[in-house]
Amino acid sequence: MKTLTFLNQKGGVWKTTTAVTVAHGLALQGRDVLLVDLDAQGNVADALGMGALKKSGEADGLYELLIRERGLQAVRPSGRPRLDVILGHKKTLQAKQILAGMDFREYLLRNALAELASEYDVCLLDVAPGVDVLQIGALVAADFFVIPVALSHLAVVGAMDALGTVVSLQKAGAFRGKFLGVLPTHWERQTNESDLQLRAMAQQFKRLVWPAIPMDPRAKEAPRWGKTLWEYAPKGRAIRGIRINDQYHGGYQRGLARLVQEVGL
Ligand SMILES: Nc1ncnc2c1ncn2[C@@H]1O[C@H](COP(=O)(O)OP(=O)(O)O)[C@@H](O)[C@H]1O
Ligand SMILES: [Mg+2]
């Protein structure tokens, strides 16, 4: 099982949307996928139409995994073939507090996931904004990581900072994951700003810049219906990219093809 983490200290950079879209995309391509929500808001449940589980208290998968150490009980079917999930929930906050007092806390997630490794081809981790024991744990657990970054000046500056933290942690030998690159999000064709920022990113990161994800009104609606983008807007811009002079650019579909190659799935 290969583990991939999407992380950024900022919220609203489409981490959850990306994790859910990539997870379902890989499952549709025949991989066995585990998607883990490390955010107490539990947005993965909402995005997959499993929000009712949060209310019934049955969504405390992460607590189950890390504190009760019952990995198999933590896993739930998503209702889609080959896609299972470990959901986040209010109780994730409690799990975090308990973890904070434990030895080797940064390694507990990695060890807990290793127990499930024979069941899946790939495990995707969606983290909450900020920096805490679970984000560090997600970095330690990752074989690969990607940083989604919104195409606005402040966000791009923030991403450089985030990357600085990551690089110093990596130098200190805190984790072994490979940095796959930055995923530009919030791409808008109407303004110049997006393309300016995209160019700035390309200067800094070169080939490590992934196909940008465009703004897509349908992508914003999808969580309300509990549907993934492959179900709700498969022909929308977020999936297919933007057409410029008869050619499509960006979009999750293109990113997914690159991911399969780079990760070797
Ligand atoms: N391509 C898109 N175009 C427009 N809105 C989007 C797109 N992708 C996601 N969104 C919306 O942006 C908001 C924040 O996305 P989310 O994935 O929850 O970010 P994060 O997990 O980084 O906080 C959500 O309401 C989501 O539906
Ligand atoms: Mg999120």
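The model is predicted, with local features requiring pLDDT of at least 70 and side-chain atom pairs counting only at pLDDT 80 or more, while totals for chains, interfaces and linings use all residues. Residues are numbered from 1 along each chain as its sequence is written, chains are lettered from A and ligands numbered from 1 in the order in which they are written, and side-chain values use heavy atoms, with hydrogens and water left out.

**Overall form**

The chain holds 14 helices and nine strands, where helices (H or I, at least four residues) and strands (E, at least two) are DSSP runs numbered from the N terminus. Its radius of gyration is 18 Å, which agrees with the value near 18 Å for a compact globule of 265 residues; this radius is taken over C-alpha atoms, and the globule rule is 2.2 Å times the number of residues to the power 0.38. Along the principal axes, the C-alpha atoms fill a box of roughly 55 × 40 × 30 Å.

Of the 265 residues, 52% count as buried, a term that means under 20% relative accessible area, with exposed meaning over 50% and partly exposed in between (1.4 Å probe, protein chains only). Among contacts with a separation of 6 or more, 76% come from residues 24 or more positions apart, contact being defined as heavy atoms within 4.5 Å.

The chain exposes about 12,300 Å², of which carbon and sulfur atoms supply 51%; such areas come from the Shrake-Rupley method with a 1.4 Å probe, and for residues only the protein chains shown count as cover. The mean positions of the 33 positive and 26 negative charges are 5 Å apart, where Lys and Arg count as positive and Asp and Glu as negative, without His and the chain ends, and where each charge is placed at NZ of Lys, CZ of Arg, CG of Asp or CD of Glu.

**Aromatic residues**

Rings of Phe, Tyr and Trp (its six-membered ring) pair if their centres lie within 6.5 Å, with planes under 30 degrees apart counting as stacked, over 60 as edge-to-face and the rest as tilted. The chain has three aromatic pairs by this rule. The ring centres of F179 and F205 lie 6.4 Å apart with planes at 70°, so this pair is edge-to-face. It links distant parts of the chain, since F179 belongs to strand β7 (residues 178-185) and F205, 26 residues away, to helix α10 (residues 192-205). Both F179 and F205 are buried, and together with F145 and F175 they form one aromatic cluster.

Y248 is found in strand β9 and counts as partly exposed at 34% relative accessibility. Leaving out residues up to four places away in sequence, Y248 touches R240, G241, I242, R243 and R254. Its C-alpha atom is separated by 37 Å from that of L134, 114 residues away along the chain.

T185, in strand β7, is buried with a relative accessible area of 0%. Apart from neighbours within four places in sequence, T185 is in contact with V13, W14, P148, V149, A150, L151 and I213. From C-alpha to C-alpha, T185 and D39 are 20 Å apart in space, and 146 residues apart in sequence.
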